[in-house]
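Subject: Structure handover

Hello,

Here is the structure that I am handing over to you. My notes on it follow below.

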Amino acid sequence: MGQFVIGLDFGTYQTKVCINHLDKIPSLHEFHEFDKSGNSSLFMPSRVTLLNNLTFRYGKYAGDDIQQTFNYFKIASAEDPIFHLLSEYNKPIYNIEDNFGEFSPEFLSVIYITSILLEVKEYLKSSNTSVKKKFSLANFFSKSKDPENDVIELFIRLGVPTEWNKKINIARRRKFEMILLVSEILQQQIAYSSERFLILKKDELLEMVRSIIEELKDCEDDFTELLNKYKISVSPESAAGLLYLVQTKLLKTGLYAAIDIGGGTSDMSFFNVDYEHRIKYLASESLMVACNNIYIGCSKNTNIDQAEINRIEKEIFTKIDSDKWGNDKDYNQSTNDVKLLINKELKMLFLNPVCNALFQKFDWINVLKTFDGKPCIIYGGGIKHPNLKSWDKILVFDNISTQVNLQPYNVNNFIPNHNKVKNLYSKWSQDFYMLVVAFGLSYLRHDSEAEEWDDSQYESTNEEEKLKEVPHPRNEGCYIYDVIERKWYDRKSLK
């Protein structure tokens, strides 16, 4: 029986998948190659297209029968008011009604992820030599304990943005667990058939997803048991990216920082590597300031929508490809503004909680000396922008007598050995700075936890209930998230 972990890096712009072949000793990783228009790619655009016949297409699509195209539904699903508190962008960028019409971004996330997982599972079916013709695809991925049907076992791990605020983490975690769970049940209902999935019209898909949600509301199974049944889980994107970096053992024992600059968010972390090469988080934050904010800053329009962001993005990369970006004052100013906002957040994280925690144990001068000149690992699609790639030093502490600078460190120093990666695709190593999170996710099974999400650490901040464990999204007063209506439900109150 084959065993695989599917690491799913669901991105604002594009999605990456890394498959860990657990049945290989040592385990072998493979970046999935998408083929949507005759050209193989490790990146699937995070895009859903509604056609005139009311069916959907996913990723690249260039037909002349397009009714509407949807982008940025991933980050709109994650968007919370807390994202805007520490930035100068205090209004939601991804207006739900204007950009998604009759669909919720969570529903679009469900069907997009479904398309990705169906493609990956069909690939695994076709490439696994132990599969016999008598097995249907449904039986191939059967959850049955019957050895004859139990041909392959999959663990699916999805990465999501996180906050240092644990109560917000819990709510966002549950939301994306629901998105992934609904997707898995939907795949099961259509017998894991991409062909059947692509002919479903919007009303049929909406009704199927709505029906799945209603069944989950009435289900008496513990939610964790449901996730275990389908072997699915979600992990912080920051934890997933750092997991692989630490496992290389190239980071010596000590204190470090990292910035993953994506399309919609920048994930920042301060962490310690101990003597056993384990990560201990000091602070971690996802800030809704990233590449999209560069394009927003370059726009002359007062009302910026997704089409305007896409238009400016194409213009900018045309200039980068022709090496003419240096003469664009708006672009240079915009990238510098994004760097300043990221640096502002890094400073806040450094001062609280990092330094506040360490000052209790160590003299503050020694703490500052310990961090000065330490590596800050920068990765993600944002470093395609020359100004973001060429960070000289990152100032995290500044007063009259003392300065603390982090030293930017290129993630390319951590590219895995080629004998650990199955892909023959020639570009995976040069694109590794965008594949780190997917690679890290592929190390995690559904029953293993990223340390940042150790449930025992979730505590109420209410003084009357101090130190009380929070087992589910307490701050939302909920248990089940309706991905169509965008509402939370406590299943106990429904009975």
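Leaving out its neighbours within four places in sequence, Leu-406 is in contact (heavy atoms within 4.5 Å) with Ala-257, Phe-270, Phe-371, Lys-374, Cys-376, Lys-393, Ile-394 and Val-396. Before the rest, note that this is a predicted model, in which local features need pLDDT of at least 70 and side-chain atom pairs count only at pLDDT 80 or more, while totals for chains, interfaces and linings use all residues. Residues are numbered from 1 along each chain as its sequence is written, and side-chain values use heavy atoms, with hydrogens and water left out.

Leu-406 is found in strand E17. Helices (H or I, at least four residues) and strands (E, at least two) are DSSP runs, numbered from the N terminus. Leu-406 has a relative accessible area of 1% and is therefore buried. Buried means under 20% relative accessible area, exposed over 50%, and partly exposed in between, with a 1.4 Å probe and protein chains only. Leu-406 and Ala-258 are 148 residues apart in sequence, and their C-alpha atoms are 9.9 Å apart in space.

E17 belongs to an open sheet of 6 strands with mixed pairing, in the order E14-E13-E12-E15-E17-E16. Strand E14 (279-287) and strand E16 (394-398) are at the edges with a single partner strand each, so one side of each has no neighbour in the sheet. From one strand to the next the twist averages 20°. Two strands pair if DSSP finds at least two bridges between them. Strand E12 (residues 254-261) and strand E13 (residues 266-273) run antiparallel and are joined by 8 bridges. Ile-259 stands opposite Met-268 in E13.

Two helices lie across this sheet's strands E12, E13, E14, E16 and E17: helix H12 (residues 329-359), running at about 140° to E14, and helix H13 (residues 364-371), running at about 25° to E17. Axes here are lines fitted to C-alpha atoms, for helices over the stretch in contact, and angles run from 0 to 180 degrees between N-to-C directions.

A second open sheet has 3 strands in the order E8-E7-E9, with antiparallel pairing. Its edge strands, each pairing on one side only, are E8 (56-58) and E9 (66-71). Strand E7 (residues 47-51) pairs with E8 over 3 bridges in the antiparallel sense, and Thr-49 stands opposite Arg-57 in E8.

Next, a helix pair. Helix H10 (residues 291-298) and helix H11 (residues 306-321) pack at an angle of about 95°, and their axes are 9 Å apart. The two are therefore roughly perpendicular to each other; angles under 35 degrees count as roughly parallel, over 145 as roughly antiparallel, 65 to 115 as roughly perpendicular and the rest as oblique. Asn-292, Tyr-295, Ile-296 and Cys-298 in H10 meet Ile-309, Ile-312, Glu-313, Ile-316 and Phe-317 in H11.

Helix H7 (residues 202-218) has 17 residues and should span 24 Å at 1.5 Å a residue; its end C-alpha atoms are 25 Å apart, which agrees. The expected span is 1.5 Å times one less than the number of residues. Buried residues in H7 include Leu-205, Met-208, Val-209, Ile-212 and Leu-216.

Finally, His-21 lies in strand E2 (residues 14-21). His-21 counts as buried because its relative accessibility is 6%. The side chains of His-21 and Glu-30 are joined by a polar contact of 2.8 Å. A polar contact is a pair of N or O atoms within 3.5 Å; within protein, one must be able to donate a hydrogen and the other to accept it, and residues adjacent in sequence count only if both atoms are side-chain atoms.

Regards
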